[in-house]
Amino acid sequence: MNEINNIGTPMPELPEVETIRTQLSEDLPLVVDAISFSKFAKLIVKEKKVSIEGETLLNIGRKGKVLDFYFSGNKRMISGLGMSGSWQISGEEISVKHAHIKLKFLDGDGKYVFMAYVDPRRFGKAHIVDTQRAEVLLARLGVDVSSHDFTSKYLFDQLQKRGQNPVKAVLLEQAVFAGIGNYMASEICALAGVLPSRQAREVSKAECAKMIKGCHRVIERSVESGGMTFHGGYVDASGKKGEGLKNLVVFYQKLCGMCGSAVVKSEIKGRGTYHCPSCQK
Ligand SMILES: [Zn+2]
């Protein structure tokens, strides 16, 4: 259990946020009957510029690790989950600890549906704003790494610009690569055969192509298995833990999932990093 402190806090990354997004979206559209906040919610809700009561939640999008709730009336709620945030959905009122934003909806059959933003450490951020403001906030993020805009040319160009920085640290920059977090970055390097400590400018075009492929593989497998849970941190919107850990090749592993060699653990810019000395050069 203590080991988790050495690998850094398990924050939800793109696959975990996508899992939550899918689950929250199942009953849409839903009409907002009421919204309420905990006494700590002001630490999380950075902007409350519009009222969403009476509006319809039409759709939930995602950019990188950020959820994007679309309401009627051109209103939006942008929700970043921070280190320990998640959303829950239930047919009954959600009365768990650390529920800071509570939404009560009416569905088409006149039944109530409840959603709650739960965040023990309160590093998440929410903005309840109009569309124009929402677009400004989302523009601060780089390309979503699950989208077609994340190409090997984009990756190569961005890595070239970041010169001597270790490639793994560069992959974590949300303003460039939205969605990649600590486990994804280690896995992407491993699947491409690139040492995480290698200088960003030393990664070839062919390796960038492999990294893109690796990135899609990590996302697909993690989403399929409901996201990662490292030590009881992340739970999905139904309160279940993810089972994706067994699909990882190096992160949090003793033996490399590709060749069986012992995995080496290190730290790059303060973040726990895993690599295989046989597979990665
Ligand atoms: Zn290996």
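In this predicted model, helices α6 (residues 182–192) and α7 (residues 205–224) pack with their axes 8 Å apart at an angle of about 130°; axes are lines fitted to C-alpha atoms, for helices over the stretch in contact, and angles run from 0 to 180 degrees between N-to-C directions. That angle makes α6 oblique to α7, the class left over once angles under 35 degrees (roughly parallel), over 145 (roughly antiparallel) and 65 to 115 (roughly perpendicular) are set aside. The crossing of α6 and α7 is right-handed, meaning that the near helix is turned clockwise from the far one by less than a right angle. On the α6 side, M184, E187, I188, L191 and A192 meet E207, K210, M211, G214, C215, R217 and V218 of α7 (C-beta atoms, placed from the backbone, within 7 Å). This contact has 7 nonpolar, 1 polar and 4 charged residues, with Ala, Val, Leu, Ile, Met, Phe, Trp, Tyr, Cys and Pro taken as nonpolar, Asp, Glu, Lys and Arg as charged, and the others, Gly among them, as polar.

Turning to α4 (residues 152–161), its axis comes within 8 Å of that of α7, and the two cross at roughly 120°. Helix α4 is therefore oblique to α7, and their crossing is right-handed. Here S152, L155, F156 and L159 of α4 meet K205, C208, A209, M211 and I212 of α7, a set of 7 nonpolar, 1 polar and 1 charged residues.

Residues are numbered from 1 along each chain as its sequence is written. Local features need pLDDT of at least 70 and side-chain atom pairs count only at pLDDT 80 or more, while totals for chains, interfaces and linings use all residues. Helices (H or I, at least four residues) are DSSP runs, numbered from the N terminus.

Note on methods
Contact = placed C-beta atoms within 7 Å.
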